[in-house]
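Student: I would like to learn how to read the features of a model like this one. Could we go through it together, beginning with the core?

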Amino acid sequence: MATISFDEEPDIIARPAITKKPFLVRLVLSTKIVTTDKQAEYVLIGIAVFCVLLTIVLWPKGPPAANPSEVPPIAGPLDTTSAR
C-alpha cells in the first residue's frame, strides 16, 4: 500500500489570548502595596477571609431578649360562639 501524506498548512493560526486583569486585582495593584497579580489575589483572599470571620463574630446568636415590662399582656381566650 502507498502511504498518503498531506502537505497542507493549517488554516487556524494560534494567537496569544488577550487576558484582561480582573477589576479588583487592578484596584489592589493600583495602590502600589503589592507588585504582582499573585500578591494582589492573596490580598483579596485575605480580605474575604477577614470579612467572613468578622461576620461570624458579629452575627447575633438569637433574637434579642425582650424586657418583661415592654411585653403586652396576653389577651384571654377568644370566644368563637358569639361571632355567629
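Tutor: Gladly. A nonpolar core is a set of buried Ala, Val, Leu, Ile, Met, Phe, Trp, Tyr and Cys residues joined through side-chain atoms within 4.5 Å. Buried means under 20% relative accessible area, exposed over 50%, and partly exposed in between (1.4 Å probe, protein chains only). This is a predicted model, in which local features need pLDDT of at least 70 and side-chain atom pairs count only at pLDDT 80 or more, while totals for chains, interfaces and linings use all residues. Residues are numbered from 1 along each chain as its sequence is written, and side-chain values use heavy atoms, with hydrogens and water left out.

Student: Which residues make up the largest nonpolar core?

Tutor: In soluble globular proteins, nonpolar side chains tend to be buried together. Here the largest nonpolar core has five residues: Val-25, Val-28, Leu-29, Val-34 and Ala-40. Helix H1 gives the largest share of this core, three residues. Of the protein's 84 residues, 6% count as buried.

Student: How many helices and strands does the secondary structure come to?

Tutor: Helices (H or I, at least four residues) and strands (E, at least two) are DSSP runs, numbered from the N terminus. The protein has two helices and zero strands.

Student: What is Val-25 in contact with, leaving aside its neighbours within four places in sequence?

Tutor: Contact means heavy atoms within 4.5 Å. Beyond those neighbours, Val-25 touches Asp-37, Ala-40, Glu-41 and Leu-44. Val-25 counts as buried, at 5% relative accessibility.

Student: Which residue forms a salt bridge with Asp-37?

Tutor: Side chains of opposite charge can pair when their charged atoms come close. The rule for a salt bridge is a side-chain nitrogen of Lys or Arg within 4 Å of a carboxyl oxygen of Asp or Glu. By this rule the count is one salt bridge. Asp-37 pairs with Lys-21, their closest N and O atoms being 3.4 Å apart. The pair links distant parts of the chain, with Asp-37 in helix H2 and Lys-21 in the segment before H1, 16 residues apart. Asp-37 is partly exposed, with a relative accessible area of 30%, and Lys-21 is also partly exposed, at 39%.

Student: Where is Lys-32 found, and is its phi positive or negative?

Tutor: Most residues other than glycine have a negative phi, and most peptide bonds are trans. Lys-32, in the loop between H1 and H2, has a positive phi of about 65° although it is not a glycine. Lys-32 is exposed, with a relative accessible area of 69%.
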